[in-house]
Amino acid sequence: MTIHTLYTEEQVQAAVKCVAEQVQNHFGGDEPVVALCLLNGAIWYAADLLRRLPDNFELQTIRISSYEGTDSTGKLKWHNALPDCNGKRVLVIDDVLDTGLTMKEVCETLRANGATMVASTVAITKSGRREHDCEADFCALHCDNLFLVGYGLDFNGKYRNLPFIGYIES
């Protein structure tokens, strides 16, 4: 298995800085925002993003999974309950937007549970695999349909800790 660099660490950080500015402009003000990080993959992106946002962004986490190996199962597995976001503004933070299943279901569930505003951001959005009508409001990076690793993205739990985003060629 070979890992090729798609985006360097410097390119990733420059893109995160740009998204942070867009998110701050979108939410504005001092009113609290729940920054909902989808674990495990988004923790790297969320940490870098939140370091660039004001302190009215309050980190919450939820663990959700839909992949086994390199394939989506087509079903979400909720490992814990969604935090109470009734009457709150929410920024959903994920590592990758691929089929759209996770982002669509999480955002719909938040709205159904009374969130007053729901926006979403991903470290990287992939083209060519969207199965659900869902796009992120803020995307740091874009790519074709590659199997990505690094910067939180994994292959069976490995390679998340790489500081760059790469793709696997088998």
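The legends below describe close-up views of a predicted model. Local features need pLDDT of at least 70 and side-chain atom pairs pLDDT 80 or more, whereas totals for chains, interfaces and linings use all residues. Residues are numbered from 1 along each chain as its sequence is written, and side-chain values use heavy atoms, without hydrogens and water.

**View 1. The largest nonpolar core has 32 residues.** Such a core is a set of buried Ala, Val, Leu, Ile, Met, Phe, Trp, Tyr and Cys residues joined through side-chain atoms within 4.5 Å; buried means under 20% relative accessible area, exposed over 50%, partly exposed in between (1.4 Å probe, protein chains only). Y45, L49, L91, I124 and I165 touch the most other members. Seven residues, the largest share, come from α1.

**View 2. Contacts of I124 (heavy atoms within 4.5 Å).** Beyond four places in sequence, I124 contacts residues including L6, Y7, D95, L141 and I165.

**View 3. Two aromatic pairs are found in the whole structure.** Rings of Phe, Tyr and Trp (its six-membered ring) pair if their centres lie within 6.5 Å; planes under 30 degrees apart count as stacked, over 60 as edge-to-face and the rest as tilted. The F27 and F57 rings, with centres 5.7 Å apart and planes at 85°, are therefore edge-to-face. F27 is buried at 6% relative accessible area, and F57 is buried at 10%.

**View 4. The rings of F147 and F155 form an edge-to-face pair.** Their centres are 5.9 Å apart and their planes are at 85°. F147 is buried at 18% relative accessibility, whereas F155 is partly exposed at 21%.

Technical notes
Helix = DSSP H or I, 4+ residues; strand = E, 2+ residues; numbered from the N terminus.
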